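Okay, thanks everyone, let's get going. I'll walk through the contacts and then the salt bridges.

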Amino acid sequence: MNKNRSENESLQSYLELALGQLDRAQRQYTEKLTNYDVRSLSYQILKELIMEQIQNENSNTTAG
Amino acid sequence: MKIAILQLARIGDIFQTAPAINAYKRLNKNHTVDLIVRNKFSEACDLLKNIDSVIELPTKHILKPLIQANADITTSITNLENWILHLASQDYDKVINLSFSPLSSWITFFLQSASQKQIEVAGYTRTSDGFLSIPDDMSAYVYAQCGPGYPNRFHLAEIFGTLLGVDLLPEDWDTQELKPYPLPFDQPYICIQTRASAEHKSIPPEKIAQIVNTLKKFINLPIVLLGSNLDSDAARIVLNSSTYQHLFDYTGKTALIETAAIIKHASLFIGPDSSLQNIASLTGTKTLLLSIGNVNFFETGPRAKGSFVISDQDASNLEPESIAKTVVAMLYSDSVVTKGYYLVNDIPCYKKNGDEENLFKWELINYIYRGLEAPKNFSPQFELAVQKLYDVNQFAIEILEQVNQGASLKDKVIFLEQAEEIISAIEKLCDSIAPIIAWYRTEKMRIGPGPHELVLQKTLDVHKLLDLLCTSILEHCRSQSCQHDLPKEEIL
C-alpha cells in the first residue's frame, strides 16, 4: 500500500512538472495564432488529459 | 451515417451507455456506431452489443514520455496527434459526447474542426474562442442540474438515450451473449460486491460479513463474492469474519465477461453503486443496491425488474437484520417493506417506500424543463426569493435595453455585475431557488461568441425567459399565498 502511495505521489509530481512545461510551450506556440490548429488543440487536449489524471490520483479512484 | 460516441468516463458509465446504443441500432440498423473509451476500461466493451468499432484512448501511451525527469513533451504530443488524427480520419457524420468533461469537449471540438463537413454534435464541445459550448438542451440540463448533491432524478441511461435521440425499451438493457460460467454448485445463488471504485461509496467488509452472518438465519443459498483483484483484501476479511458456510470468493479470479455471466445467472445481486451493479441492470439480474454517501442513485441505480435501493449517508448505519429481511423478500416475494426505494416504470424510476419525500426542487425542475405542474408547497421564503430575482432581472433587462439603444456597455457593465452579485446572494439565502438560477446561468453560458449585437440580443432573450419563468412562478405562489403568512422581514 505504501509502495503504491509513493508511486502515485511520484507519478503526480512528474505530471505536475510536465503540466508547467506544457503550459509554457502552449503559450509560446499560440502567441501569434488567431485560430486553433491541430497543434494548438493537441496542446490543450494533452493538458486536459494530464489535469484529469492528477485529479483522479487525488480523488483516489480507479479512473484513469 | 457514421457516428462516434465518446464515453470517456468510467467503466460503469460504459455499461450505462449500452441501452442507448442498443436502442439507436434498433432504430438505425444501417448506421455505423464507433465507441471511444479509455483503454483502461475497454474490457467493458466486450459485454456491449451493436458497436462496429471500439476506439481506445491510449492514455498511458500518450502520458508515458512525461513520466521522467525531463518530460518529453514532443513525443507525448506526437503520440496524441497520431491517435486523434486517426480518429478524425474516420470522417464521422455525427459525434455524440456522453462524457460531460473538459477533455471530451476538446476532443469533440477537434473532430469538428478537423472535418471538411458540418458534423452534427450532441454533448459538450467548445466554441471558436475555446469556451465550453453546450449545443443541446439535454446536455445543458446535465450541466445545470445533475451530479451528487443535485436534485436530478433522470437516470443516466435515459439521459444518454436522449442525447442519441432515442427512447429506451426494456429490451435495450442487454449484453452480448454470455456463456454460463462454471461454478462449483448447481443451485440458485446470490452475488455480493463489497467495494466500489471510490472508498466513499464502498461498504466496509466487516459490515458485509455482518450482513452475510445475519442472512444465515434466513437462507442457505451459495453466496459468490465478486470484484476485481482490488477487492480481494475486502473479500478475505468477509471470509475470515463470516460463519456462513456457502461463501465463495471469486474476486480477481474472473475476466469481466465471466463476472457478467456469473451475475446474469444469479437470483440476486447485492452491492454498492458500482460497475457490477450496472452490469446487473444489463443482464436483468434483480439488484439490492446499498447506496452509500453522497451518491445520486437516481442517476446510476439498478434497472432490472424487482430491484430495490437502500440509501444511507454512512455505511455504519446499514442494519444487517433489515437488509437480510429485504433480501429474503426480494428472493421469495414481490413485497419489500423496508425503508428504501423500489423500481417503477416511470420518471423518476424509483419510488420511496414509507415516508413521503420533500421533492420541491425536483418538482421545480419538472416545471422549468418539462412544463409539468408547478410545485405545490411554495414556502414564503421561496416566494420572496423569486420576487427578488424577478426585480433584479427587470433591472438587468432595463440596462440591457439601454445598451441596445446605444448606451455604452462599458459604462453599464458595472450594473450588470451588481445584478449578478444580487442573484448569487439570493441563491445563498434561499437554497430551494437553486434550480432556477442554475438554469439561468447555464443558458447565459450557452451564448457563444459572435458580433456584439447578436450576443446582446441573446443575452436579452435569456433575461426575458427568466422574466417569464419568474412571473409564472409568482402567479402560482400568489394563488397559494393566501395559505401563508409572509414573514415580516425581507430576505435581503
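So, a salt bridge here is a side-chain nitrogen of Lys or Arg within 4 Å of a carboxyl oxygen of Asp or Glu. By that rule, the whole structure has 22 salt bridges over all chains. Quick housekeeping: this is a predicted model, where local features need pLDDT of at least 70, side-chain atom pairs count only at pLDDT 80 or more, and totals for chains, interfaces and linings use all residues. Residues are numbered from 1 along each chain as its sequence is written, chains are lettered from A and ligands numbered from 1 in the order in which they are written, and side-chain values use heavy atoms, with hydrogens and water left out.

Okay, the interface. With contact meaning heavy atoms within 4.5 Å, 25 residues of chain A and 35 residues of chain B take part. Together the two chains bury about 2800 Å², 72% of it on carbon and sulfur atoms; that's accessible area (1.4 Å probe) lost on putting the two parts together, summed over both. How many salt bridges are there between chain A and chain B? The count is 2. A:Glu52 pairs with B:Arg38 in a salt bridge, with the closest N and O atoms 2.2 Å apart.

I'll call a residue buried under 20% relative accessible area, exposed over 50%, and partly exposed in between (1.4 Å probe, protein chains only). Helices (H or I, at least four residues) and strands (E, at least two) are DSSP runs, numbered from the N terminus.

Take B:Arg26 and B:Asp172, a salt bridge at 2.8 Å, N to O. B:Arg26 sits in helix H1 of chain B, and B:Asp172 in the loop between helix H6 (156-163) and strand S8 (190-193), 146 residues apart. B:Asp172 is buried at 2% relative accessibility, while B:Arg26 is partly exposed at 24%.

Then there's B:Arg446 with B:Asp137, closest N and O atoms 3.0 Å apart. That one spans 309 residues, from the loop between helix H16 (434-445) and helix H17 (452-481) to helix H5 (residues 137-145). B:Asp137 is exposed at 57%, and B:Arg446 is partly exposed at 21%.

Last pair: B:Lys361 and B:Asp431, again a salt bridge, 2.8 Å from N to O. B:Lys361 is in helix H13 (residues 360-370) and B:Asp431 in the loop between helix H15 (409-429) and H16, so the bridge ties together parts 70 residues apart in sequence. And over in chain A, A:Asp23, A:Arg27 and A:Lys47 form one network through salt bridges that share partners.
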